[in-house]
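Please keep the sequence and the model in view while reading.

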Amino acid sequence: MATLPIIIAPDPRLKVKAKAVERVDGEVRQLMDDMLETMYASNGIGLAAPQVGVAKRVIVVDVARENEKPRPLRLANPEIVWASDDIQPRNEGCLSLPEHYAEVERPVAVRVRYIDHENEIREIEAEGVLAQCIQHEMDHLEGVLFVDHISALKRNIILRKLVKSRKLAQEVPA
Ligand SMILES: [Zn+2]
């Protein structure tokens with residue numbers, strides 16, 4: 001396994017629509033494992049392939065708390081087959097928008113069909129943080145970031161700050 005560099009917004013690679021995986025073979029499994037390692041190394045609870053520069057419909061998620069056993073989920077071609085009418089705002093962050101958070105409204109529960117790491121079709125019913133996280137990661141596959149759900153004013157403030165911190169980082173001599 002290897003950790004991969006995470007792309008920070010704004011970046012055109014975060015705005016592309018990812019392509020479906022034909023089948024989960026060794027290469028896709030490797031990508032899933034590398035993504036999980038990258039996510040754990042950054043203390044994240046989810047990661048989508050476009051965030052590591054791979055335009056494939058692959059996401060990984062683990063919402064287990066620090067004192068709990070890890071519960072990694074590897075999903076290829078995830079698809080929402082049912083969503084609750086019940087919608088709730090929750091605070092959201094993203095490894096591609098480090099240190100920025102905003103409230104995003106999403107269905108509280110979803111049922112998701114996907115292909116697992118053994119190329120089997122599965123369905124999972126998720127609610128709460130897990131449902132929120134899966135929907136957030138699935139947005140990445142459409143080139144959508146959580147800031148695209150908030151007002152343009154708030155979005156631009158966050159994106160400008162990210163550009164500024166990137167410039168500052170580049171000015172620091174290595
Ligand atoms: Zn994200």
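Leaving aside neighbours within four places in sequence, Ile124 is in contact with Leu73, Val110, Arg111, Val112, Tyr114, Leu130 and Ile134, where contact means heavy atoms within 4.5 Å. This is a predicted model, in which local features need pLDDT of at least 70 and side-chain atom pairs count only at pLDDT 80 or more, while totals for chains, interfaces and linings use all residues. Residues are numbered from 1 along each chain as its sequence is written, and side-chain values use heavy atoms, with hydrogens and water left out.

Ile124 is also among the residues that touch the most other members of the largest nonpolar core, which has 17 residues; the others named in this way are Ile59, Val61, Leu73, Val112, Leu130 and Ile134. A nonpolar core is a set of buried Ala, Val, Leu, Ile, Met, Phe, Trp, Tyr and Cys residues joined through side-chain atoms within 4.5 Å; buried means under 20% relative accessible area, exposed over 50%, and partly exposed in between, with a 1.4 Å probe and protein chains only. Two or more residues of this core come from each of β2 (58–61), β3 (73–83), β6, β7 and α2 (128–141), and α2 gives the largest share, six residues. Helices (H or I, at least four residues) and strands (E, at least two) are DSSP runs, numbered from the N terminus. A second, separate core of 15 residues includes Met32, Leu36, Leu47 and Ile115.

## The sheet

Five strands form an open sheet in the order β1-β2-β3-β6-β7, with antiparallel pairing; two strands pair if DSSP finds at least two bridges between them. The edge strands, β1 (46–48) and β7, each pair on one side only.

## The zinc site

The protein donors of the zinc ion are Cys94 (SG), His136 (NE2) and His140 (NE2), at 2.1 to 2.2 Å from the ion. Donors are N, O and S atoms within 2.8 Å of the metal (3.2 Å for Na, K and Ca), and water is not among the atoms, so sites may look incomplete. Both histidines, His136 and His140, lie in helix α2, four residues apart, about one turn of the helix. His136 counts as buried because its relative accessibility is 5%, and His140 counts as buried because its relative accessibility is 1%.
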